[in-house]
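Student: Hi! Could you walk me through this one?
Tutor: Happy to, let's have it on screen.
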Amino acid sequence: MTTPAIQATGLHKDFGEVYAVKGVDFEIKPGQVFSLLGPNAAGKSTTISMISGLLRPTQGDAAILGHSITQQPQEAKAALGVVPQDIALYEDLSARENLMFWGQMYGLRGSALKKRVAEILEMTGLTDRQKGRVQKFSGGMKRRLNIGVALIHEPEVIIMDEPTVGIDPQSRRKILDSVMELNRQGMTVLYTTHYMEEAQKVCKNVAVIDAGRVLAKGPLKEVMSTHGECENLEDVFLKLTGRT
């Protein structure tokens, strides 16, 4: 049996009397692009934070390639790259300096580090801007560099939490193209978004979440056909939640 790339089992998270996540379960096979989708405040980012080890679950667990994030956090995190929703860059450093710093944090050194930084700059389309200070970058350029930082140590699995929020259509298209290219290279991608047309474009497997609960999950076509032969994920969501 193939070990899941990501497995979430009974994840709960409460903050006092506020229940952000209420029993989330899903499994992602190696090589899949899987979208966790839902509106703002649905519980997506809290779920991602638990899976990546930033928040400890109130109940339940998650595993990255078989490594429990609560029992084997170092092994789990070593296989994982995370693109947070908020930009996590040093704005007074250049693009290259950011990548060099984070590469060193992951243990890369010398020629191996320089080679990987050059690869990431090329991949993100920032080679010509590598010496530019991040504070002068556009929102789309910062988002691309944010993705590059998550890829610097060549993880087997990457989590992208709302990577296209607040950017222009051209930058959004470049990021979606990069997601599909990473998948063609064999990487597993967990992609969270509230833009359901994005999920429909890049993902073949989805989980719809709202109010901290998974309302539907499985192959995209199956989820759409199960709920009245819906033509798009927006229609599926409206049916599941009763929203108008």
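Tutor: One term before we start: buried means under 20% relative accessible area, exposed over 50%, and partly exposed in between (1.4 Å probe, protein chains only). This is a predicted model, where local features need pLDDT of at least 70, side-chain atom pairs count only at pLDDT 80 or more, and totals for chains, interfaces and linings use all residues. Residues are numbered from 1 along each chain as its sequence is written, and side-chain values use heavy atoms, with hydrogens and water left out.

Student: Is E154 buried or exposed?
Tutor: E154 counts as exposed, because its relative accessibility is 57%. The residue sits in the loop between helix 5 and strand 7 (157-161). Helices (H or I, at least four residues) and strands (E, at least two) are DSSP runs, numbered from the N terminus.

Student: What is the phi of E154?
Tutor: Near 55 degrees, a positive value in a residue other than glycine. Most residues other than glycine have a negative phi.

Student: What about A41, where is that?
Tutor: In the loop between strand 3 (33-37) and helix 1. A41 also has a positive phi, about 70 degrees, although it is not a glycine. With a relative accessible area of 81%, A41 is exposed.

Student: Then how many residues of helix 1 are buried?
Tutor: Seven of the eight in helix 1 (residues 44-51), so the helix is largely enclosed by the rest of the structure. The buried ones are K44, T46, T47, I48, S49, M50 and I51. After helix 1 comes G53, with a positive phi near 85 degrees.

Student: Switching to helix packing: at what angle do helix 3 and helix 5 pack?
Tutor: Helix 3 (residues 95-105) and helix 5 (residues 139-151) pack at about 25 degrees, with their axes 9 Å apart. Axes are lines fitted to C-alpha atoms, for helices over the stretch in contact, and angles run from 0 to 180 degrees between N-to-C directions. The two helices are therefore roughly parallel to each other. For the cut-offs, angles under 35 degrees count as roughly parallel, over 145 as roughly antiparallel, 65 to 115 as roughly perpendicular and the rest as oblique.

Student: Which residues make that contact?
Tutor: A95, N98, L99 and W102 of helix 3 meet L145, G148 and V149 of helix 5, where contact means heavy atoms within 4.5 Å.

Student: And helix 3 with helix 4, how do those axes cross?
Tutor: At roughly 130 degrees, coming within 10 Å. Helix 3 and helix 4 are therefore oblique to each other. On the helix 3 side the contact uses A95, R96, L99, M100, G103 and Q104, and on the helix 4 side L113, K114, V117, I120 and L121.

Student: Which residues of helix 3 are buried?
Tutor: A95, N98, L99, M100 and G103. They pack against helix 4 (110-123) and helix 5.

Student: Last topic, how many residues has the largest nonpolar core?
Tutor: It has 44, and L99, L145, I158, M160 and L233 have the most contacts inside it. Helix 5 gives the most to this core, six residues. A nonpolar core is a set of buried Ala, Val, Leu, Ile, Met, Phe, Trp, Tyr and Cys residues joined through side-chain atoms within 4.5 Å.
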